[in-house]
Amino acid sequence: MFHNAELYTSAWLPVHAMGAVLLVFFCGAVIDYLRIVLLERPLVTRLFPLCDRWQEQLRTGAAVPPFRGRKP
């Protein structure tokens, strides 16, 4: 993708290498930021209250259904 082999003997190889590293890092940072904004924040704001309710129900024993499996 970055054509590194073509620049192996060039004096611009260090500049090219640093540019490639910075570009990959920047793209990864943008992807991570988009993941946080588009997926994590909406899911966390919706799931945390639901998990808190489930935890409270488990703590009080209201959410534990009776065992209906086979008897040993």
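In the patch described here, nonpolar side chains (Val, Leu, Ile, Met, Phe, Trp, Tyr) are joined within 5 Å, and each member has over 30% relative accessible area and no salt bridge. With that in mind, welcome to the close-ups of this predicted model.

**View 1. A nonpolar patch lies on the surface.** Ten names to look for here: Phe26, Val30, Tyr33, Leu34, Leu38, Leu39, Leu43, Val44, Leu47 and Phe48.

View 2. Find Phe48 in helix H1, which covers residues 13–60. Is Phe48 buried or exposed? Its relative accessibility is 51%, so Phe48 counts as exposed, since the cut-off for that label is over 50%.

**View 3. Asp32 and Arg35 pair up in a salt bridge.** The closest N and O atoms of the two are 2.7 Å apart. Both residues belong to helix H1, with 3 residues, or about one turn of the helix, between their positions. Asp32 has a relative accessible area of 36%, so it is partly exposed; Arg35, at 38%, is partly exposed too.

**View 4. Arg35 also meets Glu40.** Here the side chains form a salt bridge with an N to O distance of 2.8 Å. Glu40 counts as partly exposed because its relative accessibility is 36%. Which residues do the shared partners join into one network? They are Asp32, Arg35 and Glu40. Searching the whole structure turns up 2 salt bridges.

Key:
Residues numbered from 1 in each chain as written. Predicted model: local features only at pLDDT ≥ 70, side-chain atom pairs only at ≥ 80, totals over all residues. Heavy atoms only, no water. Patch = residues over 30% accessible without salt bridge, like charges linked within 9 Å, V, L, I, M, F, W, Y side chains within 5 Å. Areas by Shrake-Rupley, 256 points an atom, 1.4 Å probe, with all protein chains shown as cover. Salt bridge = Lys/Arg side-chain N within 4 Å of Asp/Glu carboxyl O. Helix = DSSP H or I, 4+ residues; strand = E, 2+ residues; numbered from the N terminus. Buried < 20%, exposed > 50% of the residue type's maximum accessible area, 1.4 Å probe, protein only.
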